[in-house]
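Opening my notebook on a new structure today. I'll jot down what I look up as I go, one topic at a time.

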Amino acid sequence: MASQMDSRSALIVIDVQNDFCPGGALAVTDGDAIIPEINRLSGQYPHIVLTQDWHPPDHASFAVNQAGGVPFQSIPLEYGEQTLWPVHCVQDTPGAAFHPALDTSHAQLIVRKGFRAAIDSYSAFFENDHATATGLNGYLQDHGVRNVVLAGLATDYCVAWSAMDAIRLGFDTTVILSACRAIDLDGSLDRQLRKMNDGGVRLMLNSRYSG
Ligand code: VGL
Ligand code: ZN
């Protein structure tokens, strides 16, 4: 892997928001435990991007907005299977804010996603139709980024989907697993780890590695 200060390397921090941390509406176990490692990392990359899950109250991924919808069950929508979630990360609410311990000072770009009611967006690159771009690819291309390093929440949803899209777009892609935590729904963590590994994502456990 290219060194961290290589001008072609970007750290993408996925959804470190109050609702995904303990006490939040869609809390990931120990979600806040990754923040010190992410803060350490963020001083070490020339390009830092944060993503923010940013839903309107009538978002299609909220179980309450689907007739008979049950949180954590999956239903078919126009663009494919969609897992239904508790209401979370509603625009301009405290739950959608970055966790107060996250050092956001180094970030040049914040990508908001999932802001259209009819479609979810797990990935930082594409909405869940795998076709509608967020603009992040263009931003990274414009800045000459070739290596993408991912950390944040949740390993098996927004991190994994972002990593698979990064591979598809041709980036050298690393996920720092020690700086991620998973939702792990029905074996989703194992499934997504295997998918990332088979897809060519470098899965690392220690952020201090910089070979
Ligand atoms: C996420 C479920 C719903 C995530 C976002 O950040 O992984 N998961 N919205
Ligand atoms: Zn969401």
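**Entry 1: the aromatic cluster**

Which residues form one aromatic cluster? Before I answer, a reminder to myself that this is a predicted model. I looked it up, and the members are Phe 72, Trp 85, Tyr 122, Tyr 157 and Trp 161. I also noted that the structure holds six aromatic pairs. I started with Trp 85 and Tyr 122, whose ring centres are 6.4 Å apart with the planes at 75°, so I wrote this pair down as edge-to-face.

Where do these two sit? Trp 85 is in the loop between strand S4 (80-83) and strand S5 (109-113), and Tyr 122 is in the loop between S5 and helix H2 (136-142). They are 37 residues apart in sequence, so the pair ties together separate parts of the chain.

Are Trp 85 and Tyr 122 buried or exposed? Trp 85 comes out at 3% relative accessibility, which counts as buried. Tyr 122, at 7%, counts as buried too.

Next I followed Tyr 122 to another partner. Tyr 122 and Trp 161 form an edge-to-face pair, with 4.7 Å from centre to centre and 90° between the planes. Trp 161 has a relative accessible area of 22%, so I have it as partly exposed.

Phe 72 got a closer look as another cluster member. I found Phe 72 in the loop between strand S2 (47-53) and strand S3 (74-77). Its phi is near 75°, a positive value in a residue other than glycine. At 37% relative accessibility, Phe 72 counts as partly exposed.

**Entry 2: charges over rings**

Which ring does Arg 112 lie over? I found Arg 112 over the face of Trp 54, 3.7 Å from the ring centre. I then checked Arg 168, and its charged end sits over the ring of Phe 126, at 4.7 Å from the centre.

**Entry 3: cysteines**

How many disulfides are there? I get zero disulfides, going by a cut-off that asks for two cysteine sulfur atoms within 2.5 Å. For Cys 21, the nearest cysteine sulfur is that of Cys 89, 9.5 Å away, and Cys 21 is in no disulfide. Cys 21 has 1% relative accessibility, so I put it down as buried.

Cys 180 counts as buried, at 4% relative accessibility.

**Entry 4: H3 and H4**

How do H3 and helix H4 (residues 188-199) run relative to each other, roughly parallel or roughly antiparallel? Their axes come within 10 Å and cross at roughly 15°. Angles under 35 degrees count as roughly parallel, so I've written down H3 and H4 as roughly parallel to each other. The crossing in which H3 passes H4 is left-handed.

Which peptide bond is cis, with omega near -10°? I found it running from Leu 153 to Ala 154. Ala 154 lies in the loop between strand S6 (147-153) and H3.

I also looked up Asp 184, where phi is near 55°, a positive value in a residue other than glycine. Asp 184 is in the loop between strand S7 (172-181) and H4. With a relative accessible area of 43%, Asp 184 is partly exposed.

**Entry 5: two distances**

For Gly 80 and Met 164, I get 17 Å in space, C-alpha to C-alpha, and 84 residues apart in sequence. Gly 80 belongs to strand S4, and at 24% relative accessibility Gly 80 counts as partly exposed.

Key
Residues numbered from 1 in each chain as written. Chains lettered and ligands numbered in written order. Predicted model: local features only at pLDDT ≥ 70, side-chain atom pairs only at ≥ 80, totals over all residues. Heavy atoms only, no water. Buried < 20%, exposed > 50% of the residue type's maximum accessible area, 1.4 Å probe, protein only. Phe/Tyr/Trp six-rings, centres within 6.5 Å; stacked < 30°, edge-to-face > 60°. Helix = DSSP H or I, 4+ residues; strand = E, 2+ residues; numbered from the N terminus. Lys NZ or Arg CZ within 6 Å of the ring centre and 35° of its normal. Axes fitted to C-alpha atoms, helices over the stretch in contact; angles between N-to-C directions. Parallel < 35°, antiparallel > 145°, perpendicular 65-115°, else oblique. Left-handed = near helix turned anticlockwise from the far one by under 90°.
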